[in-house]
Amino acid sequence: MTPIDLGRQSTDPQTTPARIAAHRAPRPSRRRRRARGSALLLAAALPLAGCASGGGEGSDATVGGGEASLVLPDLSQASITGGVDGRALLSIGLIVCALGLLFGLWTYMRLRDLPVHHAMRDISELIYSTCKAYLLRQGRFLLILWAFITVIVFIYYKLLVDFTWGKTLTVIGFSLLGMAGSYSVAWFGIRVNTFANSRTAFASLRGRPIETHRIPMRSGMSIGMVLISLELLMMLVILLFLPADTAGACFIGFAIGESLGAAALRIAGGIFTKIADIGSDLMKIVFKIDEDDPRNPGVIADCTGDNAGDSVGPSADGFETYGVTGVALVTFIILAVPDPVLQATLLVWIFVLRSVMILASALAYGINSRIATARFAEAKRMNFEAPLSTLVWLTSGLCIAFTYLTSWYVLGGVAGMIWLKLATIITCGTLAGALIPELVKVFTSTKSRHVRETVKSSRQGGASLNILSGIVAGNFSAYWLGITIVGLMGLAFLISTTMPADIMLAPAVFAFGLVAFGFLGMGPVTIAVDSYGPVTDNAQSVYELSRIEHIDGIDSEIERGFGFAPQWENSKLMLEENDGAGNTFKATAKPVLIGTAVVGATTMIFSIIIGLTEGLTTNTEMLSIMHAPFLLGLITGGAVIYWFSGASIQAVTTGAYRAVEFIKETIHLDASTERASAKDSRKVVDICTQYAQQGMIQIFLAVFFGTLAFAFVEPYFFIGYLISIALFGLYQAIYMANAGGAWDNAKKIVETDLHAKGTALHDATIVGDTVGDPYKDTASVALNPIIKFTTLFGLLAVELAVSLSAQGLGVLVNVLAVVFFLVSAFFVYRSFYGMRIKAGMTDEPDDEGAPAPQAVK
């Protein structure tokens with residue numbers, strides 16, 4: 001087979017950057033001319049735009065269609081070793097996706113059928129019922145947001161860009177599909193986790209730790225396989241079964257929906273879970289009761305929050321991360337690679353590699369399960385972190401090996417040893433996916449020196465020194481993780497410099513996108529170890545809430561019904577230790593996702609740059625701190641990141657205040673009370689949901705209109721802004737996530753290793769943990785979808801501004817920039833003043849006339 005020659009610049013006018021840009025602009029029409037005349041009325045409602053380059057002087061001032069107007073190459077022309085048809089190769093990926101979905105369904109049924117005592121099953125079903133009510137409310141809320149965005153999409157694409165009805169409805173339909181994908185995997189995750197939590201709690205009674213580990217691992221792997229398989233299936237359907245000139249519209253609509261769903265579910269879930277968690281935790285100090293005392297009406301809300309924040313949010317976020325990263329790479333390849341044959345080959349390679357990595361994750365899971373069983377089958381104690389770490393490294397090794405083999409097979413016919421260079425670049429990202437968890441454990445594991453330092457400082461310094469030590473851990477972690485990411489990205493950059501000069505525009509940017517792709521290579525396993533934590537956390541709560549120990553004749557009942565004698569004390573110890581491992585590995589997944597958002601954002605930002613600079617041929621000097629708007633954009637991004645961190649924590653603070661207030665008024669600790677009433681428990685859930693939605697909408701609208709405002713100020717100002725939120729967001733998220741992880745596991749050490757519950761030391765670590773809760777599970781994790789959401793909509797919004805300016809409506813653009821900023825600033829103001837605690841400084845009635853809280857004992 002003749003290899004593709006990358007040593008010559010293609011002279012085909014169809015493949016030049018200018019020609020590509022020209023292909024993106026639809027034909028002029030009477031409707032577009034009418035749209036220009038009515039733009040003054042419509043532009044105020046146009047947050048979504050196209051991403052075509054704006055017309056310069058002398059150009060036909062038309063509104064482009066952005067990524068929605070990109071035309072995919074014929075995938076069957078991909079140059080693959082052995083002459084295999086590219087479309088046929090991708091069709092095998094559909095089979096892999098089907099197998100991944102079947103694995104999830106099979107695991108779901110196995111978890112459902114595992115043995116469990118009815119007392120524990122009833123609690124897990126109660127938790128699921130509250131989770132279901134929460135998700136239904138969030139679903140209705142998402143549909144409202146989607147309807148709003150749909151109106152804007154319709155106005156832009158149908159009235160201004162003059163897409164056909166079919167193409168406009170395609171964008172809208174795939175936006176709904178993307179949002180539904182994020183929502184459905186979140187729902188599946190909750191159902192699987194609430195099966196697994198009671199089964200894990202019951203399995204612990206056998207006294208063998210292996211089953212206590214295996215069940216949450218199985219449920220996590222089920223979620224990971226379903227999530228990645230479903231996302232890949234949707235993207236393969238777009239590639240294989242839709243017309244090439246429609247696929248771009250499908251991809252952009254799909255990404256819009258994913259981003260909307262993930263941002264809303266991640267922010268709201270993070271606020272919900274920490275309101276409930278803080279409300280429940282503080283009762284341990286106020287009333288000296290256990291964390292999961294069934295008399296505390298906040299405990300069910302806490303269990304619901306574990307799923308809403310630690311399952312729904314990460315599942316939706318992971319789904320969006322994989323989708324948006326894929327869309328970014330597809331966009332880059334079509335815009336920056338001139339040769340259509342090479343375009344097709346690279347697209348086939350990307351998606352075949354994704355399919356292969358699903359198989360690698362499944363194989364690693366099977367091997368690791370056998371290793372763990374052989375090692376711990378008869379053990380009475382085990383290090384629960386050990387098999388999780390082994391799984392991560394084993395998956396990393398297999399993914400790297402499969403990456404090289406697949407790259408050689410698909411890209412072996414491309415000259416210049418491209419397969420080896422691109423596979424090595426992806427390996428940099430895959431290594432990051434394994435190294436980052438190891439580094440995170442240095443700062444968050446129950447065995448780490450940083451966490452033990454946090455405990456030691458609390459002995460004499462109480463909550464004050466506990467908090468300071470956690471801050472130290474977070475700051476140190478940001479340094480080491482940042483240096484690691486920079487080092488691996490730097491290596492990818494050096495490799496990209498060896499690629500043929502004419503292969504593509506800005507190969508370094510493509511290298512960074514592939515690093516993000518490599519981050520996600522272990523997708524199912526990354527999601528699995530993250531989902532491990534919510535199950536282990538809930539398992540402890542299910543054990544306590546079931547009050548199974550106090551059931552008359554329970555020992556003989558279990559022996560008759562299940563064939564073993566329960567080991568009560570050993571069971572509780574195992575659940576505590578397993579929860580510590582869950583805390584650690586929840587923490588390890590967060591920097592992986594935020595790192596992916598930042599590295600992947602680089603690729604998406606480049607899509608804006610390539611349009612504004614006409615394929616990097618003009619105005620590149622604007623991308624310099626010597627260009628004042630670019631520098632000002634860099635400064636503005638930091639301000640937004642710090643506001644967002646404060647706003648998300650403010651929503652938690654106010655909601656937790658109301659939850660604590662209600663719990664203090666309603667909790668009954670007299671001897672005749674066994675558990676809180678279902679009515680009171682559901683009221684706490686309602687409080688959490690109310691403040692989660694209020695906080696989310698204020699933040700969402702501030703970000704939404706802020707994106708529009710900054711895009712309309714000046715295009716290069718906006719590029720600086722996007723770069724800034726990615727960089728500030730990276731370090732803010734790592735710092736907050738790992739500081740929170742250190743505080744969380746410091747408390748765990750006091751409870752499990754030191755057996756010091758109820759002491760002053762325990763109280764100090766509880767205070768630190770309540771500070772860390774919104775740090776690690778609200779503000780830090782929500783920065784990931786916020787960065788991607790802003791960048792994705794930035795691809796659209798900035799082109800609208802450029803297009804309107806090209807039509808001679810520059811004054812309108814400037815006016816709209818001010819209007820959008822004022823609207824955004826209003827919601828920034830509301831995110832504190834509309835969410836603040838409305839109570840006096842003393843125990844007097846609050847602003848709304850509510851009485852001061854009184855504890856009921």
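This is a short chat about a predicted model and some of its residues.

Visitor: Hi! What should I know before I start looking?
Guide: Residues are numbered from 1 along each chain as its sequence is written, and side-chain values use heavy atoms, with hydrogens and water left out. This is a predicted model, where local features need pLDDT of at least 70, side-chain atom pairs count only at pLDDT 80 or more, and totals for chains, interfaces and linings use all residues.

Visitor: What's the average pLDDT of the chain?
Guide: The average is 84, and 89% of the residues score at least 70. pLDDT is the predictor's confidence in each residue, from 0 to 100.

Visitor: Which helices have the lowest and the highest mean pLDDT?
Guide: Among the elements of the chain, helix H3 (residues 39–42) has the lowest, 30, and helix H13 (residues 449–496) the highest, 95. Helices here are DSSP runs of H or I with at least four residues, numbered from the N terminus. Over residues 1–63 the pLDDT is below 50, and over residues 844–857 pLDDT stays under 50 too. Where pLDDT is low, the predicted coordinates should not be read in detail.

Visitor: OK, new topic. What is the volume of the largest pocket?
Guide: About 540 Å³, where a volume is the space filled by probe spheres set on grid points joined across faces, edges and corners. A pocket is an open set of points on a 1 Å grid over the protein atoms alone, where a 1.4 Å probe fits, with protein on both sides within 12 Å along at least five of seven lines; lining residues have an atom within 4 Å of a point.

Visitor: Which residues are closest to its centre?
Guide: Of the 21 lining residues, those are Asp290, Glu544, Lys572, Glu576 and Lys757. The largest share of the lining, five residues, comes from H17, which is helix 568–612.

Visitor: And Thr752, buried or exposed?
Guide: Thr752 counts as buried because its relative accessibility is 8%. Buried means under 20% relative accessible area, exposed over 50%, and partly exposed in between (1.4 Å probe, protein chains only).

Visitor: What does Thr752 touch?
Guide: Leaving aside residues up to four places away in sequence, Thr752 touches Leu573, Glu576 and Glu577; contact means heavy atoms within 4.5 Å. Thr752 lies in helix H20 (residues 715–752), and a polar atom of its side chain is 2.7 Å from the backbone oxygen of Lys748.

Visitor: Last one: what is the phi of Arg547?
Guide: Arg547 has a positive phi of about 50°, although it is not a glycine. Most residues other than glycine have a negative phi. Arg547 sits in the loop between H15 and helix H16 (554–562).

How values were computed: Helices (H or I, at least four residues) and strands (E, at least two) are DSSP runs, numbered from the N terminus. A polar contact is a pair of N or O atoms within 3.5 Å; within protein, one must be able to donate a hydrogen and the other to accept it, and residues adjacent in sequence count only if both atoms are side-chain atoms.
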